[in-house]
Amino acid sequence: MKKIIILLISGLLLVSCEQVSKSIDETFHTKDTLVHKEAEKPNPEPLKNTQPDVQQIINTVLEKHTTVLRQHHLQGREIDFLTDTNALKNAEAALRKLPQYAGKEIFIYSTLYFYNDGTINVMLQHPENPKYVDAYEFRDNKWSDPKPVQLSVHDDVKGRLVSLNKTSFVNAAKLTDIYNKKAQEIEGAQPLSSTYLTIWNNQIRWYPITINGSREKYSIQFNDDGSLKSFEQD
């Protein structure tokens, strides 16, 4: 169980994060050890549910991973890319015009990251072999060549796909505008320098899902089109 979940989580990440993976493994190892000790008791009491919340672990890993990537991109010059609807439209149009996808529907796999320095990272289903996935980076107003992504037999490729026709890059600008306006009302909260979506069971979920102030913390969720779904104090 723990190995499968760890493999699933690792598929979320575009960049390796060994310390986070180690933390996850130790979490599951601790839980498994407790279960084993309980089973060895002469008259064991009914076992409580000692399995950690998988979705909570996924959210934690995503947040930590994104913090690492955000720090890397903050080293560059921010150009307010997240709120530039024209720039986002142009980036999407350029992606659709890649010759390998001419006449083909484009499917996003697993994650799509936007950064305020003008960078986009995305994984796409291979245009010829649906079992394969390639990584692309948008930088300096152009898309990189595809880089093959190593997948595991445990990766649910079909369940991690969403057609580009069902979303839009400009949704990131809509989300960013909403988030930043909410952050302005919270003492100590910072505006977004990145946003991203993840895909599970062919459904989109936008991140971040929290706004942290110096005195308060809020949960925030968005609809697929980047509009506000919910906002409440924790």
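**Close-ups of a predicted model**

**Figure 1. The protein chain as a whole.** The protein chain exposes about 13,500 Å², and 48% of that comes from carbon and sulfur atoms. Keep in mind for every view here that this is a predicted model. Of its 234 residues, 41% are buried. Take the contacts with a separation of 6 or more: residues 24 or more positions apart account for 60% of them.

**Figure 2. Tyr113 and Tyr115, a stacked pair.** Search the whole structure and 9 aromatic pairs turn up. In one of them, the ring centres of Tyr113 and Tyr115 lie 6.1 Å apart with the planes at 5°, so this pair is stacked. As for cover, Tyr113 and Tyr115 are both buried.

**Figure 3. Phe138 and Trp143, a tilted pair.** Two numbers do the describing here, since a pair of aromatic rings is characterised by the distance of the centres and the angle of the planes. For Phe138 and Trp143 those are 5.1 Å centre to centre and 50° between the planes, and the pair is tilted. Stacked would need planes under 30 degrees apart and edge-to-face over 60. Are the two residues buried or exposed? Phe138 has a relative accessibility of 3%, so it counts as buried. Trp143 comes in at 12% relative accessible area, and it is buried too.

**Figure 4. Arg160 and two aromatic rings.** Which rings does the charged end of Arg160 sit over? One is the ring of Trp200, with the charged end 4.0 Å from its centre. Another is the ring of Tyr109, where the charged end of Arg160 is 5.8 Å from the ring centre.

**Figure 5. Asp155 in its loop.** Here we zoom in on the loop between β5 (147-148) and β6 (161-163), which is where Asp155 has its place. What does the side chain of Asp155 reach? That would be the backbone nitrogen of Ser152, at 2.6 Å. With a relative accessibility of 15%, Asp155 counts as buried, because the cut-off for that label is under 20%.

Note on methods: Residues are numbered from 1 along each chain as its sequence is written. This is a predicted model: local features need pLDDT of at least 70, side-chain atom pairs count only at pLDDT 80 or more; totals for chains, interfaces and linings use all residues. Side-chain values use heavy atoms; hydrogens and water are left out. Rings of Phe, Tyr and Trp (its six-membered ring) pair if their centres lie within 6.5 Å; planes under 30 degrees apart count as stacked, over 60 as edge-to-face and the rest as tilted. Buried means under 20% relative accessible area, exposed over 50%, partly exposed in between (1.4 Å probe, protein chains only). A charge sits over a ring if NZ of Lys or CZ of Arg is within 6 Å of the ring centre and within 35 degrees of the ring normal. Contact means heavy atoms within 4.5 Å. Accessible areas come from the Shrake-Rupley method with a 1.4 Å probe; for residues, only the protein chains shown count as cover. Helices (H or I, at least four residues) and strands (E, at least two) are DSSP runs, numbered from the N terminus. A polar contact is a pair of N or O atoms within 3.5 Å; within protein, one must be able to donate a hydrogen and the other to accept it, and residues adjacent in sequence count only if both atoms are side-chain atoms.
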